Every structure is written in C-alpha cells, then in structure tokens.
Amino acid sequence: MCGIVGGVAERNISHVLIEGLKRLEYRGYDSAGVAVIDHGDILRERRVGKVANLAEAVEQAEISGSLGIAHTRWATHGKPTEANAHPHVSGKVAVVHNGIIENYQDIKQSLIALGYHFSSQTDSEVVAHLIDHQLKTTADLLTAVQQIVPQLKGAYALGIIHTDFPDQLVTVREGSPLVIGVGIGENFISSDQLALLPVTNRFMYLEEGDIALLTRDHITVFVDGQTVQRPIKELDATVSNASKGEYKHYMLKEIYEQPEAIQQTISQALNGNVLREDFLASAVVDFARIQQVQIIACGTSYHAGMIAKYWFEQLIDLPCQVEIASEYRYRSPVIVADTLYVCISQSGETADTLAALRDTQKRAAAKHCNISTLAVCNVATSSMIRETDHHLLTLAGPEIGVASTKAFTTQLAALMLLVLKIGQVKHNISAQVLTEIIVALWHLPKVLTDTLQNDRNILALSTLFVEKNHCLFLGRGTEFPIALEGALKLKEISYIHAEGYAAGELKHGPLALVDNDMPVVILAPQDHMLDKLKSNMEEVQARGGELFVFADEHSGIQKADRQHVVYVPTIDERLAPIVYSIPVQLLSYHVAVLRGTDVDQPRNLAKSVTVE
Ligand code: AGP
C-alpha cells in the first residue's frame with residue numbers, strides 16, 4: 001500500500017527521504033510527494049507516477065530541509081493525481097497518511113462548515129485541516145495531534161510537521177505499520193524499516209495507539225497521554241540484503257534465491273534427520289492439545305494454506321480448514337476450543353488477515369474458549385508475529401517484487417515443518433514417514449536448483465503466450481493450489497486472463513473454453529493422480545487445446561504435436577508443489593517481460609495490502 005518516510009536531523013534530509021521512497025516504491029507507486037520545512041516555510045513537491053519523477057522535481061527545485069515527510073501512494077480515495085498525492089497541507093501543517101479514515105466524510109462536512117477548503121478527493125486531507133483547526137486553541141503540535149486522534153475512525157499511520165515547530169516530527173500508529181529509525185543526533189520514521197536501512201539499523205517498533213514525538217535527540221512515545229517505553233532493537237545485517245544485484249528484476253532474483261531461502265528455512269528446524277528439540281518448543285503443550293487447524297490467509301499465502309490442508313489431513317490425520325481472510329472475518333465463524341489458528345502472511349501486516357486474527361482472539365476470549373494462534377510469516381518484526389501465541393519464520397529475506405515467489409515456497413517448507421512437528425507431538429506420524437520427508441526436505445534445494453536449469457526452455461515456451469488473452473492452469477491434489485497460484489502469477493504480472501482449476505473439474509464447465517487458441521498449462525508430477533491427470537490432458541487435446549506440460553522426467557509424458565513438455569526432476573510427491581512452483585513462476589515472469597509490463601510493480605497492485 002502507501003509508504004511513509006520522515007525525519008528530523010541537523011543535515012538536509014531530502015535525499016534520505018527520496019532514497020527511502022525508492023525503497024518503499026514496491027508497496028505503492030501511483031504518485032509520490034515530499035514536504036520539508038525550510039526557514040519557516042513548507043516546501044512541497046508532488047508528482048504522479050514513479051518516485052523517479054519526484055526525485056527529478058526535488059533536484060530541480062533544490063528542495064532541502066532538516067525536517068521533512070514523504071509518501072508514496074497507492075490510491076484508495078481519489079485517482080492518482082498530483083492534487084491527491086501526499087503530503088497534504090493545511091496552513092502551516094503538512095501530513096502524510098497510510099491507511100483509511102473511515103469517517104472522513106463526516107469530518108469533512110464539519111470542516112467545510114468551519115470554512116475549510118479541500119483541494120483533494122482523499123480521506124487523508126481531513127487530518128491536516130483537523131490539526132490546523134485544533135492549533136487555533138492548542139499551544140503545541142503534539143497536544144493538538146493527541147486531541148484530534150480520537151476523532152479518527154479506521155486504520156492509519158501518520159507523519160506530521162508544522163512550520164512553528166521546526167525541530168519536531170509527530171507520528172501516530174493506529175492499525176497501519178510504523179517504525180522509528182533511531183540515529184545519532186537524528187531520528188526517522190517509516191512504514192517499513194527497509195526504507196531506513198541506509199541511515200540506521202536501530203529500530204523502535206510502535207504499537208497500536210502509540211503517538212510519538214521525535215526531535216533530533218529524543219524520542220518520546222505516549223499512550224493515552226502517558227509516556228511509555230518502547231525497546232530499541234538492532235536489526236540483523238542480513239535483513240538489509242535488498243538490491244537487485246545482477247538481475248534485471250527483483251522477481252527474477254527472488255525466483256533464483258529459492259534454493260538458498262528454503263535451505264535457511266528448513267535449517268532452523270532440522271538437525272540431521274530429526275526435528276530439532278528447540279523447534280517450536282514453546283508451542284508443544286498447545287500442539288498436544290489441539291484437535292483441528294484453521295488456516296487464514298490472502299492471495300498467494302492462501303494458496304500455501306490450501307496445500308497445508310492436504311498435508312495436515314494426509315500426513316497426520318488432523319482436520320484442517322483454510323479460508324481467505326476477507327471472507328472469514330465477516331462470516332461469524334464458530335470458534336471451537338482446542339483449535340490452532342494459523343495465519344500465513346509474507347508481510348505480517350495484511351489488513352484482512354490481521355483483522356481475522358484479532359476478531360478470532362476477541363471471540364475466543366468472550367466465549368472463554370481455549371485456542372492457540374500461530375503466524376507463518378516472513379517479517380520478524382511484524383504485527384502478526386507480535387500478536388500471535390507462536391510463530392514460525394520463513395527465512396526468505398526481503399521480498400520486493402509484488403508477485404510473491406520465494407515467500408510462497410518458504411511458506412510451504414515452513415508449513416510442512418509445522419505439520420511434522422505437530423504430528424510428532426501428537427504421535428500421529430510414523431518414524432519412517434517423518435524421516436522420509438526430512439530427507440526429502442534436505443534434498444529440496446538441489447532439486448530446486450536443477451529445476452531452475454529449465455529457465456531457457458521455459459523462456460522458449462513463453463514466446464507462445466505473448467499474443468494470448470486467456471490461459472488455463474490444471475493440476476490435481478496438491479498441484480491444484482499450484483494451478484491457482486500459476487494463474488494468479490500470470491494474471492498479476494502479464495495481465496493475461498488466467499484461471500486455475502482442479503483438473504477433475506474440467507468437464508464440469510471450463511472445458512467449454514478450450515479451443516485452438518487456449519493454452520492449457522498442466523502440472524504433472526509423478527504422483528498417485530498422474531493417470532487421472534493424463535486422461536484430463538486427452539480431454540483438452542481432443543478439443544484442440546494446446547498443452548504446456550511441466551512433467552516429472554519419469555512420467556512417460558512425451559512431446560507431441562501441440563503438446564510441449566518441460567521435464568522437472570523427480571521429487572518425493574509430498575514436496576512436489578514446492579518444486580512445481582518454479583516453472584509457473586518462470587513462465588509468468590518471461591511472458592510478462594516479453595509483453596513489456598512492469599514486472600516488479602504491476603499496475604494497480606501493492607506489495608503489502610495494509611488497507612481493507
Ligand atoms: C501474490 O503474488 C501477491 N503478492 C498477493 O496475493 C499476496 O500474497 C497477498 O496480498 C497476501 O500478502 P501477505 O502474504 O503479505 O499477507
């Protein structure tokens with residue numbers, strides 16, 4: 001979604017703000033803006049499009065100042081125009097905002113009645129006017145902010161500056177991420193610590209409801225007007241590894257990082273051919289008690305959850321439900337005691353998943369229901385990790401490309417580890433199966449590396465998709481969610497309409513779509529469903545469909561007229577979905593590049609969906 005950067009220093013910080021915005025651009029990228037205070041004036045520049053446009057404008061206007069705020073926008077209220085871009089200014093105050101002010105229409109009407117003029121269609125502008133109005137009767141900026149915040153309903157993070165307070169940056173966190181970067185004689189704010197890594201590796205993580213006052217040398221955090229202490233944490237140096245390196249796009253780099261990312265993720269849990277004693281040790285009592293699992297997630301993370309459901313049921317005989325968070329949260333689900341609620345999220349800040357988690361916790365408390373919560377997440381400092389009883393980190397490293405790749409496969413690896421751990425605690429898995437899967441997990445990075453060798457073959461196939469408008473992805477069993485994931489990848493970055501189906505559903509409707517012009521991607525590992533899948537392939541061929549098959553090298557599936565085959569190394573069928581993710585990622589990537597789309601920042605999307 002939108003991104004915030006701000007800072008108070010002795011030096012000119014306009015370059016820090018622009019560099020921070022560039023690092024946040026993956027979150028939202030339809031317009032950007034910056035405001036600094038210079039000799040009692042607010043200097044502001046805003047531009048539609050990429051941060052590069054803003055950077056050029058800032059350089060030309062020679063904007064400089066030691067106190068400033070900046071923003072990259074992903075439009076929710078009002079189109080991506082310069083007038084709607086942040087910061088918004090009212091009199092002497094400038095504001096940047098992430099999130100949504102749900103009651104902005106009511107506030108706007110009362111401000112208009114007071115004589116305020118609105119120059120944007122955003123919900124955010126009300127905050128600037130409210131503070132300006134409050135300062136007519138309040139002596140200082142911090143108090144004014146504290147007084148207006150209770151009027152705001154919704155989820156928001158704010159950065160606020162005022163020309164009469166040239167050494168103060170005020171910030172608010174209520175439902176949208178915000179972190180303080182602690183420097184030496186300078187302090188910063190951002191919605192994502194990645195933005196501040198060039199200036200500091202020391203961070204203070206605000207909690208919901210915190211309001212903070214930053215000066216060059218002090219940070220004071222308030223809750224309900226009282227000061228509170230928030231610890232400062234030093235960030236692990238590896239977290240800062242977020243550049244494109246030799247790759248053309250972040251997405252391609254992240255696809256190639258998967259063998260290493262999986263290795264990291266499994267190493268935290270395995271010791272030789274056994275699970276480490278300390279892996280999820282604090283959750284063992286809860287695992288022994290639980291009778292079922294409820295997974296909640298969005299998008300790609302939901303697809304990971306769908307696969308985990310097969311594993312929970314097949315491998316350890318534990319009932320498991322999985323649901324998209326945006327439905328779950330509004331469905332009045334019945335809370336059942338002894339359920340493990342698993343939230344899966346790359347960012348740990350996805351608004352719907354967080355809301356579903358919080359709602360579940362509230363309902364369980366109201367019913368005195370003993371449940372446990374666990375986050376499978378890639379960001380150690382995220383809200384989701386802080387708010388769950390237990391967590392399992394995916395050690396994918398920062399994922400910048402909007403299309404999720406390494407976060408997905410590491411989620412799968414982590415979920416398999418979770419299944420094994422719960423199975424072991426509950427004595428629901430045999431020693432033989434446990435060992436077989438652990439051995440296969442250790443083997444996985446090598447299989448993924450070998451699978452990546454198919455890149456050129458997949459590039460060759462992708463040329464046949466460039467002119468297509470539609471595409472089907474088919475798989476069975478745990479490859480069904482990979483079919484959904486493949487279709488999601490292709491549509492989000494190449495803008496080709498794609499659908500994923502369980503291959504058995506073909507004749508119940510989608511077969512009507514198949515003709516000479518319909519590419520059909522098939523996921524065909526060597527598993528117990530292979531023969532049935534081969535029948536589905538024949539159904540497609542009989543209707544003139546063109547098949548693109550990612551098949552196990554021993555599957556017996558051969559290249560033929562209108563049947564293209566890329567062979568994938570053999571893998572234990574229980575881990576096949578992790579391996580078959582790679583070809584669908586590469587296919588989508590190459591098709592998108594050939595179609596000339598913006599691969600890392602596809603239109604209309606944002607990396608971290610922190611608004612509903
Ligand atoms: C997929 O490529 C997307 N980036 C999207 O579906 C994503 O998985 C979804 O928004 C959930 O994000 P999260 O994992 O950070 O919660």
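**Note on helix packing and selected residues**

1. Glu-546 sits in strand E26, which spans residues 546-552. Helices (H or I, at least four residues) and strands (E, at least two) are DSSP runs, numbered from the N terminus. The model is predicted, so local features need pLDDT of at least 70, side-chain atom pairs count only at pLDDT 80 or more, and totals for chains, interfaces and linings use all residues. Residues are numbered from 1 along each chain as its sequence is written, and side-chain values use heavy atoms, with hydrogens and water left out.

2. Is Glu-546 buried or exposed? Glu-546 is buried, because its relative accessible area is 12% (buried is under 20%, exposed over 50%, partly exposed in between; 1.4 Å probe, protein chains only). Glu-546 touches Leu-464, Lys-468, Met-518, Pro-519, Val-520, Arg-562 and His-564. That list leaves out residues up to four places away in sequence. Contact here means heavy atoms within 4.5 Å.

3. Next, Gly-33. This residue, Gly-33, belongs to strand E2, residues 31-38. Its relative accessible area is 0%, so Gly-33 is buried. Which residues does Gly-33 touch, not counting those up to four places away in sequence? They are Leu-21, Glu-45, Arg-46, Leu-54, Ile-69, Ala-70, His-71, His-86 and Pro-87. Look at His-86 in the model: Gly-33 and His-86 are 53 residues apart along the chain, yet their C-alpha atoms are separated by 5.4 Å.

4. Now a loop residue. Leu-196 lies between strand E10 (187-190) and strand E11 (202-205). Leu-196 has a relative accessible area of 0%, so it counts as buried. Setting aside neighbours within four places in sequence, Leu-196 contacts Val-5, Gly-181, Phe-188, Ile-189, Ser-190 and Phe-203. Along the chain, Leu-196 and Gly-6 are 190 residues apart. In space, their C-alpha atoms are 9.5 Å apart.

5. Ala-460 is placed in helix H15, residues 455-462. Ala-460 counts as partly exposed because its relative accessibility is 46%. From Ala-460 to His-590 there are 130 residues in sequence, but 9.0 Å in space, C-alpha to C-alpha.

6. On to helix pairs, starting with H3 and H4. Helix H3 covers residues 104-113, and helix H4 covers residues 125-134. Their axes are 10 Å apart and the packing angle is about 45°. That angle makes H3 oblique to H4. Axes are lines fitted to C-alpha atoms, for helices over the stretch in contact, and angles run from 0 to 180 degrees between N-to-C directions. Under 35 degrees is roughly parallel, over 145 roughly antiparallel, 65 to 115 roughly perpendicular, and the rest oblique.

7. H3 crosses H4 in a left-handed way. A crossing is left-handed if the near helix is turned anticlockwise from the far one by less than a right angle, and right-handed if clockwise. H3 brings Tyr-104, Ile-107, Lys-108 and Leu-111 to the contact, while H4 brings Val-126, His-129 and Leu-130. By class, the H3 and H4 contact has five nonpolar, one polar and one charged residues. Ala, Val, Leu, Ile, Met, Phe, Trp, Tyr, Cys and Pro count as nonpolar, Asp, Glu, Lys and Arg as charged, and the others, Gly among them, as polar.

8. H4 also packs with helix H5, residues 141-148. The two axes come within 9 Å and cross at roughly 120°. H4 and H5 are therefore oblique to each other. Their crossing is right-handed. From H4 come Val-127, Leu-130, Ile-131 and Gln-134. From H5 come Leu-141, Ala-144, Val-145, Gln-147 and Ile-148. This contact of H4 with H5 has seven nonpolar, two polar and no charged residues.

9. How do H9 and helix H16 (residues 479-494) pack? Their angle is about 170°, with axes 9 Å apart. So H9 is roughly antiparallel to H16. H9 contributes Gly-299, Thr-300, His-303, Met-306, Ile-307 and Tyr-310. H16 contributes Phe-480, Pro-481, Ile-482, Leu-484, Glu-485, Leu-488 and Lys-489. The classes are eight nonpolar, three polar and two charged.

10. Last, Thr-300. Helix H9, which holds Thr-300, runs over residues 299-316. Thr-300 counts as buried because its relative accessibility is 9%. Not counting residues up to four places away in sequence, Thr-300 touches Ser-404, Phe-408, Gln-411, Glu-485, Leu-488 and Lys-489.
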